[in-house]
Each structure stands twice: as C-alpha cells, then as structure tokens.
Amino acid sequence: MSLKPPPLRDDCFALPAGVDWTPVDVALAELDARLHPVKAVENVALSVAVGRVLASDIKALRSNPPLPNSAVDGYGFAFAALGEGDQLLPLVKGRAAAGLRFEGRVPEGHAIRILTGAALPDGVDTVILEEDVNASQQAVAFRAGVKPNANTRKAGEDVVKGDICLQAGKRLGAADLALAAAVGHGVLPVYERLKVGVLSTGDEIVEPGQAAQDGQIFDANRVMLLSLLEQMGFDAVNLGLVRDDREVLRARLNSAEVDVIITSGGASAGDEDHVSALLRDTGSLNEWRIAIKPGRPLALGVWNGTPVFGLPGNPVAALVCLLVFARPALGKLAGNGWLEPQGFSVPAGFSKRKKAGRREYLRARMRQGRVEVFASEGSGRISGLSWAEGLVVLPDEAADIAEGDAVTFLPFSSFI
Ligand code: AMP
Ligand code: MG
C-alpha cells in the first residue's frame with residue numbers, strides 16, 4: 001500500500017473572476033487543471049482488476065508470442081532449401097504441437113507435421129497449410145508458389161519484452177487484462193476505487209416504493225446517480241435522503257466516509273437550498289454559472305477536505321451535469337486522467353434553432369442512421385431520459401439545424 005496523496009485545496013473550485021456565464025469548455029479546463037488523483041495504490045489479481053485504473057506503466061515481462069510459431073495446422077520446412085516448381089518433401093518422425101517444443105532439428109529438404117501455436121522447430125521457417133498439401137505417412141507434396149515465412153508468427157511480433165504495453169491511467173477492460181496476462185503479469189498496480197457518496201435533498205422527496213402524500217415526489221435521482229457511478233467503475237456509496245434542514249444535512253456531510261460527495265437538489269441560492277448554504281459557510285462554495293442547458297446551477301465546494309458536487313435537483317439536469325462535469329472530474333480524482341467522451345458526427349433526424357450563448361444537450365438516440373431527439377426539452381421529463389440512448393450536443397454559438405445536417409451524438413456509453 002502506498003501513501004495516499006494530499007487532499008484537494010479548499011480553493012480548488014474557484015472560478016476565474018469577472019466571467020459572467022462560464023463556457024462549458026472553460027469550466028472543464030478549470031476542473032482538469034485543479035484536480036489530481038487522491039487515491040493510494042494497491043496490487044490486485046487480474047481476476048478482480050476489470051474496471052480498475054492502472055497506477056503505473058506496465059512493461060511486458062516476456063514477448064508475445066514468446067517464440068516464433070505456426071499460425072496454422074500444416075507442415076513446416078526451411079524455405080531456402082526448396083527447389084523450383086512443385087515440391088515433394090520427406091517427413092521427419094514426430095510432430096511439433098503447442099506447448100511442447102520439438103527437440104530435434106528438421107534437416108534441409110525435409111518437412112515436419114506442425115500444429116497451430118507450436119514453436120517452430122530448428123530448421124523450420126515456413127509453414128504450408130494442411131489444406132494445400134497431399135500428405136502420406138512419409139511425405140508431403142504441394143504446388144510451387146509458397147512464400148518465405150508463410151503462416152508463421154515472429155517472436156515478439158505483437159509485443160516485445162520490456163516494452164510498455166499498458167499505460168498508467170488506463171481503465172482496465174477485458175482485453176487489457178488479456179494483454180497483461182499474455183505478457184506475464186498476474187497482478188497489477190491499480191488505484192484504490194474512488195468512493196463517491198450520493199445524497200438527495202428536499203422536504204418533498206420520499207424513498208421510492210414508500211407511501212407518498214400529494215405534493216411529494218419519489219427520489220428518482222439517487223438510484224440513477226448511484227447506478228451510473230457504479231457503471232463508471234467508482235465505489236458508489238448511498239448517503240441517503242436528507243430533508244431541508246441545515247443541521248441534519250451538516251451531520252450527514254460530517255459522517256460521510258467518502259472521497260467525493262455528490263448531492264442533488266438544494267444547490268441554488270434559495271431559502272431551502274442548504275447544500276449551497278453550508279458550503280458557503282466553509283468559504284469554499286463556488287456557484288458555477290455555466291453556460292449550459294440543462295444544468296444550472298452547479299454548486300462546487302469542499303467539505304472538511306472532501307470535494308462536493310452540488311448537482312441541480314431536476315433529474316435531467318442532474319444527469320447532464322453528472323456526465324458532463326462530474327464524470328471527467330471524478331475520473332481525474334480516480335487517477336483515470338481527463339475523460340473526453342467520444343462523439344459521432346451524424347445526420348440530424350430533427351430540426352432546431354438555438355440562440356448563441358450556451359451549449360445545449362438534448363436527449364437523443366440513433367435510429368435508421370439518424371439521430372432523433374426527445375419531443376420535450378422539459379428538465380423534469382424522466383421518461384425522456386429513459387427513452388434516450390445518449391445526448392446530442394449543440395455548440396455554444398447560434399445554430400439553425402435542418403434535418404440531415406451533421407450534429408454530434410454522444411452515446412451514454414461514451415461517458416461510462
Ligand atoms: P431543487 O434544486 O432542490 O429546487 O430541486 C429542483 C427540482 O428537482 C424540484 O422540482 C425537485 O422536486 C426536483 N428534485 C430534487 N431532488 C430530486 C430527486 N432526488 N428526485 C427527483 N426529483 C428531484
Ligand atoms: Mg430542493
């Protein structure tokens with residue numbers, strides 16, 4: 001176990017002075033610049049490493065493949081000893097199969113039965129596919145035209161021993177673990193999982209599935225945020241629901257044993273907006289007025305050294321702010337570097353006009369090669385979130401989009 005890096009500074013969320021509505025890219029660049037990994041490093045077995053973030057560059061302990069070998073089932077021989085025209089080569093006794101090296105040497109002008117993955121025996125540099133020969137117990141016959149080194153793989157043609165094959169900061173997927181295994185690793189150094197607590201606020205909010213009075217609404221945000229954070233590879237911790245009471249909220253924040261706290265609701269400047277009020281008391285509150293729709297307000301602060309992301313209460317805005325701002329910021333804290341979600345330029349299946357001055361995210365999905373957007377932009381429309389499979393992002397500038405125009409689609413998976 002290594003030492004845990006120092007916590008964030010209380011002023012890490014300060015915004016540049018004098019800016020009125022902060023453009024999304026400026027806000028993101030600020031977050032990127034101020035955040036750093038906050039977790040210690042541990043070694044874990046490959047079997048439990050999927051989704052974890054690599055803490056150092058990984059070098060190949062051996063080459064892949066380790067020895068020159070055959071790519072097919074067939075017959076191996078030395079190319080240089082072949083004469084002109086069609087070939088008839090006597091077979092040596094025995095065979096070369098994967099796992100066990102053929103010990104002897106194959107004399108020039110002879111061939112040996114060889115199976116896929118078998119190391120090339122001494123005296124063999126070329127293999128002919130078994131479908132391309134006539135073979136008996138004693139000999140193989142085949143046509144002219146075989147290329148030197150055909151159907152063989154060179155040692156290290158994939159990865160050379162000592163080369164860096166996986167880079168620090170990578171979130172390990174299944175194929176990365178295959179690569180680590182192939183080059184000789186059984187355990188990998190990864191960052192401890194970032195613990196992200198999720199808290200809902202509001203006197204009107206009740207637990208899903210319980211009895212609700214008129215005027216109450218079920219807590220839709222918490223299960224959504226917790227589920228997304230788990231999918232993103234974080235250790236999502238349920239911090240429950242807090243009514244609009246400053247002291248109860250203070251106690252809940254104090255008792256949270258997490259690396260980051262994400263709240264929804266109560267992040268504006270109203271009387272019952274206790275998340276922002278408490279953060280303001282610490283002196284660390286920054287109400288980020290970001291030029292984004294949906295999304296305002298976003299309250300960022302530090303509570304006893306723990307960064308707090310105060311997301312808007314509206315579910316659509318909460319989701320967009322989580323994906324656009326919190327996701328890359330959490331990735332940075334987790335050692336994952338800054339995530340740039342990869343979008344696709346696709347033809348619009350809708351028309352829309354927007355004014356300059358803020359970036360817009362629309363609930364969207366791909367159908368028949370075009371991107372459709374949800375009929376309503378209302379930020380309480382949870383059915384539209386469920387309908388959507390991603391977001392269309394419209395630029396900060398004014399835009400007049402006609403059907404068929406290219407727009408950027410960000411699948412939800414690009415944030416995971
Ligand atoms: P607030 O920012 O607290 O004023 O909340 C803005 C809107 O989001 C209000 O209509 C709230 O009822 C709604 N809201 C807040 N928290 C949640 C939640 N956890 N689930 C669903 N809706 C919420
Ligand atoms: Mg509220």
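A nitrogen atom of ligand 1 lies 3.1 Å from a polar backbone atom of Ala220, a polar contact (a pair of N or O atoms within 3.5 Å). This is a predicted model, in which local features need pLDDT of at least 70, side-chain atom pairs count only at pLDDT 80 or more, and totals for chains, interfaces and linings use all residues. Residues are numbered from 1 along each chain as its sequence is written, chains are lettered from A and ligands numbered from 1 in the order in which they are written, and side-chain values use heavy atoms, with hydrogens and water left out.

| Residue and atom | Ligand 1 atom | Distance |
|---|---|---|
| Asp219, polar side-chain atom | nitrogen | 2.8 Å |
| Ala220, polar backbone atom | nitrogen | 3.1 Å |
| Gly313, backbone N or O atom | oxygen | 3.2 Å |

On its own, ligand 1 has 480 Å² of accessible area, and the protein covers 74% of this (Shrake-Rupley method, 1.4 Å probe). Around ligand 1 there are 15 residues, and those that come nearest are Glu204, Asp219, Ala220, Gly266 and Gly313; a residue counts here if one of its heavy atoms lies within 4 Å.

Now let us turn to Asp176. This residue is found in helix H2, residues 174–182 (a DSSP run of H or I, at least four residues). Asp176 is buried, with a relative accessible area of 12%; buried means under 20% (1.4 Å probe, protein chains only). Leaving aside neighbours within four places in sequence, Asp176 is in contact with Leu166, Lys170 and Arg171, meaning heavy atoms within 4.5 Å. Leu166 is ten residues from Asp176 along the chain, and their C-alpha atoms are separated by 7.5 Å.

How values were computed:
Helix = DSSP H or I, 4+ residues; strand = E, 2+ residues; numbered from the N terminus. Buried < 20%, exposed > 50% of the residue type's maximum accessible area, 1.4 Å probe, protein only. Polar contact = N/O pair within 3.5 Å; in protein donor to acceptor, adjacent residues only side chain to side chain.
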